[in-house]
Structures are given as C-alpha cells and as structure tokens.
Amino acid sequence: MTTYDMVVVGAGFGGLSAAALLAKKGYSVAVLEASSELGGCAGKFNRPGYRFQAGATVGMGFEEGGVLKRLFDELKIALPPMKRMDTIMNIHMRDETIHYYREKEAWFHELDRLFPHLADQAKLFFEEVFQVGSRIDHLLDDLPVFPPKRAIEWMKMTKYMNTNSIKLIPYMTQTLMDRLKSFNLHKDERFLAFLNGQLMDSVQTTAEHCPAFLGHAALQTFHKGAYAVKGGLTSIAESLATSIKDNGGEVHMRRPALHIEQQQGQWVVHSKREKTYITKKVILNNSMHNFHYLFDESISSKSNVKKDRIDTSWGAFMLYLGVEDNYPPDVLYHQIIQNPNKPLAEGNQFLLSLSAQDDRTMAPEGKRAITISTHTEISQWWQQETYEERKSQYVEQILDGIEIHFPSIRNDIDLLMPGTPVTFERYVRRDKGRVGGYIPNGKWSWLNHYSVYTGLEDVFSCGDTTFPGAGTLGTTLSGWIVANEAMK
C-alpha cells in the first residue's frame, strides 16, 4: 500500500494551493475531496445550459503581486482568462446607487458626489486604509504563522519586529469603528451602511466588531481589482488540480475522509468503501467545524481545536437564477441593501453576481447566470416544519429587493434554485452549513484565530477557519503557509 508524504483533506482553494505547492516540490501528495466538484465554497455546479458558482464569485488577488498571481507564477502555470472590472460593484440602496470604483481618483470623486458633507474625512480614512493595507501585505509576503501559539512561534515573531510591523500595532488594538470615530465618520448612517455592507461580504461582521487591521486589509483589497474569471472561480481550482496531477500528485473526487487515526507513528485516513491512505502528514482543508468528527476523543482532546466555537459562524442563503440577458454588461457585481437601518443579513442585504455577457461556459447566448448570497443564522434552517415556507419567504424578499433596481427580473427568470445551509452541508460537507470562517467579535478577536498548527503532531489545517480567514485570498494564503510549515 502506498504511503504518501502528505494527504490533503478537502479540495477547496486552501487544500489545492497547499497540494499544488507540495507536489511542485516533489512530495507525494493525495487530495481527498468528498464532493464531485473542486473548489469547495468557490466551486460550481451545472444545470441544463447553465454553470452556477456555488458560493464565492468575485475574483481577487490576480493583479501583479497579488496572492493568486504569485501562486501561479510559483507553480509556473498560466492563469485562466479573466477581465478586471473598473467598477468593483454597484451598491444599491432604496433610492440611490453607489458606484464603488477600483481606482482611487474615481472613488474619491464618487465620495464627493455621495457624501459632500464628509467627503474630506472619508478620503483621509481611505488613505489610511490603503497605507495600512499595504503594510499588512508586506508582512504577509513572508507567510508568517499567525497568531503565534507556541513558544517557537513567538520567538519567530521577533524577526517581524521592524518599522513596518510596529506601525501596525495601533490597528491591532482597535476596532474599525474606533478608527471611524477618529475621523468623525461613525454617525453617518448611509456611510456606515455602505461600509458595513463591504465588511459583511469580506470579513463577516460590521465595523463595530471588526479588528481594525482586518477591516483595513479587506477594504484595500477591493481596490486592487475585482476580476471576472471565465468559467467562474472553479477555473482556478481546476488549474491547481491539473498542476497537482502534472507534478505526480493525486486528486480523488467523491472520496470523503471519514476517520483519521494513528498507526505505528503514521496517520491513516479512512474513506468510503474501505479505502485507506497512509501518510506521514495530514493537511485538513475541510473546516475546523468538522474537526472533531474525524478523530477519536482520545486524539482530538490533545488538539487546540475547541468544540465550543463551532456556532460562531454564519450560514448562507443562496439563490441561483438563469435569466434572459437584460442586464448591464459592464458591472457584474451588485450589492443590494434594502433597509440600511436593519441588520445586513437574512435577505436585507445580499450580493448579486452576474456571469459575463460573453462567457458561454456560464450561460447560453442571450442568457446570464446569476448567483445571489445573503448571510443567515444557521439554526433556523434545521427546523423541518418551517423549512419550505422560510425558503419561499427568502426567495420573495430577495426578488422584491432586486425588482426595485432591475424591474424585469421576475419576467426574465428561466431557471430558479434556492440553496440553504442544509444544501451546503449536503453538497459541500460543511457541518450544519457553516461557511465563511469565524465571525470576528471585537478588537482582540484576531487572537482567537487558529493558526495552521492544530496541536496534533503532523496534522495541519488551512481554509476559512484558519488564519487569515475567509475568502479565496485568505484560504489560498493559509494553504501556502501550511505548505511551507509541512515541508519543515
């Protein structure tokens, strides 16, 4: 029986990135994916004539120096075709549309138009965002293990004590709301609704609860560029899987990890039909929410993964639409906020992503594929007696919100499919449908992040529940960090 250097559980962006880097370095690698699709929450599924992006839709990190551009350069493979959008997205509130431009000058002109009474403060705030975000990028370029948990990691952190990192300390001891207060931006409801909408989609929380440095990093990432990848983000996952196989690695689909145990100093990963994989090291890319299901209590109790944190995550309600093409070709991403005075979840705020007009991998001629997502509290979706009624209510609420800005939506629909946390558990194998990592809950919440070390010898983790967290950029970066650590 083959013994691998590494077995990677899960073919999300983190697991595929780690496996591709390891295979490129000559390690024997096997990736085990429970579903029939690559990419995890950034995967896809097909229906007659359409390809839908399952969760994540906005491509980021492909600019020169960006995480995914650097990864593909490291692997010496070409990026799939894609187009950078000059407008990151349009944010629609009931009576206005905010054009969120990538370029600073255009965005500052938009601030003048939208918020003339506070545009000067808002510009100063965004200048700080760009400056702090750049410092964070510089720090992450070295792929540090963070936050430090073990003595050796604290010792290694001394190498990062320089002028750049010291200037970040104030932003690691404040919330983003603290920073907004310093610019007197905390009282304007419209500006807060706009800003919190971006934070919800990137770091899963609002300014009041978001550590300042995480918020700054997320906000500045938008301005590096939003990309429409031909075929959706699954094209990136497919390229990484091809790289793994071209370098001698294996990618096994519909092969869930059911149980992991130790035997004679090695790890044995058990899958269905009595398939087993013997390996020196294990990399988990299937979410910390699933961690304790994989190991006996005698092993998992030795880890640093806490069971009592499993509820601090959102679920997602999704709506997938195939529509007649009556929609703008130049702006593909739209955020709709129905009532800025209500919580930005449960259909009150959602992201609508259109397939590119000329992308025939996503929809037939004259049609477009649309993916819509909103944050939702998980437990309500596991009440069977109200499930179907609740699902219908969310569909209607979202369509009502779209109709204000795109009046023909109901008549345009060719195909409609909702998805809930129950769907994500069934098809993406996320425990109770939890997605997007952990919800930050204050200025010190970054200390509660899990690093790539699980506390079990030769068992590592990556993905949205491991630093730096949610999104394809965060999960890719954690995969790169874990590959480096696993090679040591």
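The model is predicted, and local features need pLDDT of at least 70, side-chain atom pairs count only at pLDDT 80 or more, while totals for chains, interfaces and linings use all residues. Residues are numbered from 1 along each chain as its sequence is written, and side-chain values use heavy atoms, with hydrogens and water left out.

The largest nonpolar core has 124 residues, of which Y100, F125, F126, F191, F194 and I402 touch the most other members; such a core is a set of buried Ala, Val, Leu, Ile, Met, Phe, Trp, Tyr and Cys residues joined through side-chain atoms within 4.5 Å, where buried means under 20% relative accessible area, exposed over 50% and partly exposed in between (1.4 Å probe, protein chains only). Apart from this core lies another, of 22 residues, including A30, Y277, L284 and L456.

Across the whole structure, a search finds 28 aromatic pairs, meaning rings of Phe, Tyr and Trp (its six-membered ring) whose centres lie within 6.5 Å, with planes under 30 degrees apart counted as stacked, over 60 as edge-to-face and the rest as tilted. The rings of W107 and F194 have centres 5.3 Å apart and planes at 40°, so this pair is tilted. Both W107 and F194 are buried.
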